Amino acid sequence: MYENMVDVLIYLYENYMDGEGQPPADQGALEDELAQAGFTPTEIEKALLWLDELAAGVDVPQYHAHTLGSIRVYNEVESSKLDVEARGLLLFLEQNGILDPVSRELVIDRLLAIDHALVGLDEVKWVVLLVLMNRPGREDAFSQMEDLVYNDEPVYLH
């Protein structure tokens, strides 16, 4: 049995968002399918809420563009949930044009919404992928990130 909301998101992505398959039109049928796949009702509910909040953030971004070359400073809550490696990955992705400042802020918002005390690099990669998939005009960045998610090699070198 799966115990992680991010596993639900990955399942949805791999079964419906990256291919030809369409999720059931009825949310109840989708919840039933996810339950049959081994996810708990709590994790299913959290994942669907997370996706709804992502869609709301994409539709009405609360973030403004930052000056080119500026650097993101993380507050105490963000720093405790996103370790140095996670923040380094976000910086790397931004410096390489995969994340723009608005996408970065959406990613940070969605990472903070995950109910873990600390999010790992794999979770960061998946959240970046899901955010980019939902941002119009970021198709090239999405393709690059998809390659990074499915590539077994390290994303960046120190």
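**Ring pairs and charges in a predicted model**

Reader: How many aromatic pairs are there by the ring rule?

Author: The count is four aromatic pairs. The rule takes rings of Phe, Tyr and Trp (its six-membered ring) with centres within 6.5 Å; planes under 30 degrees apart are stacked, over 60 edge-to-face, and the rest tilted. This is a predicted model, where local features need pLDDT of at least 70, side-chain atom pairs count only at pLDDT 80 or more, and totals for chains, interfaces and linings use all residues. Residues are numbered from 1 along each chain as its sequence is written, and side-chain values use heavy atoms, with hydrogens and water left out.

Reader: Why is the pair of tyrosine 11 and phenylalanine 39 called edge-to-face?

Author: Because their planes stand at 70°, with the ring centres 5.4 Å apart. Tyrosine 11 is in helix α1 (residues 5-17) and phenylalanine 39 in the loop between α2 (27-36) and α3, so this pair links distant parts of the chain, 28 residues apart. Helices here are DSSP runs (H or I, at least four residues; strands would be E, at least two), numbered from the N terminus.

Reader: Is phenylalanine 39 buried or exposed?

Author: Phenylalanine 39 is buried, at a relative accessible area of 3%. Buried means under 20%, exposed over 50%, and partly exposed in between (1.4 Å probe, protein chains only).

Reader: What about tryptophan 126 and tyrosine 150?

Author: They form an edge-to-face pair, 5.8 Å centre to centre with 85° between the planes. Tryptophan 126 is in helix α7 and tyrosine 150 in helix α8, 24 residues apart. Tryptophan 126 is buried at 11% relative accessibility, whereas tyrosine 150 is partly exposed at 40%.

Reader: Which residues do ring pairs link into a cluster?

Author: Tyr13, Trp126, Phe142 and Tyr150.

Reader: Switching to charges. How many salt bridges does the structure hold?

Author: Eleven. A salt bridge is a side-chain nitrogen of Lys or Arg within 4 Å of a carboxyl oxygen of Asp or Glu. One of them joins arginine 72 to glutamate 105, with the closest N and O atoms 2.6 Å apart. Arginine 72 is in the loop between α3 (41-59) and α4 (76-81), and glutamate 105 is in helix α6 (residues 101-112), 33 residues apart.

Reader: Buried or exposed, those two?

Author: Arginine 72 counts as buried at 19% relative accessibility. Glutamate 105 also counts as buried, at 9%.

Reader: And which residue does arginine 104 meet in a salt bridge?

Author: Glutamate 94, at 2.7 Å, N to O. Glutamate 94 lies in helix α5 (residues 84-95) and arginine 104 in helix α6, so the pair ties together parts ten residues apart in sequence. Arginine 104 is buried, at 3% relative accessibility.

Reader: What about aspartate 100 and arginine 135?

Author: Their side chains meet in a salt bridge at 3.1 Å, N to O. Aspartate 100 sits in the loop between α5 and α6, and arginine 135 in the loop between α7 (121-133) and α8 (139-150), so parts 35 residues apart in sequence are tied together. Arginine 135 is buried at 16% relative accessible area.

Reader: Which residues do shared partners join into one network?

Author: Salt bridges that share partners join Arg72, Glu78, Glu94, Arg104 and Glu105.

Reader: Where does glutamate 45 lie, and is it buried or exposed?

Author: Glutamate 45 lies in helix α3. Glutamate 45 is exposed, with a relative accessible area of 59%.
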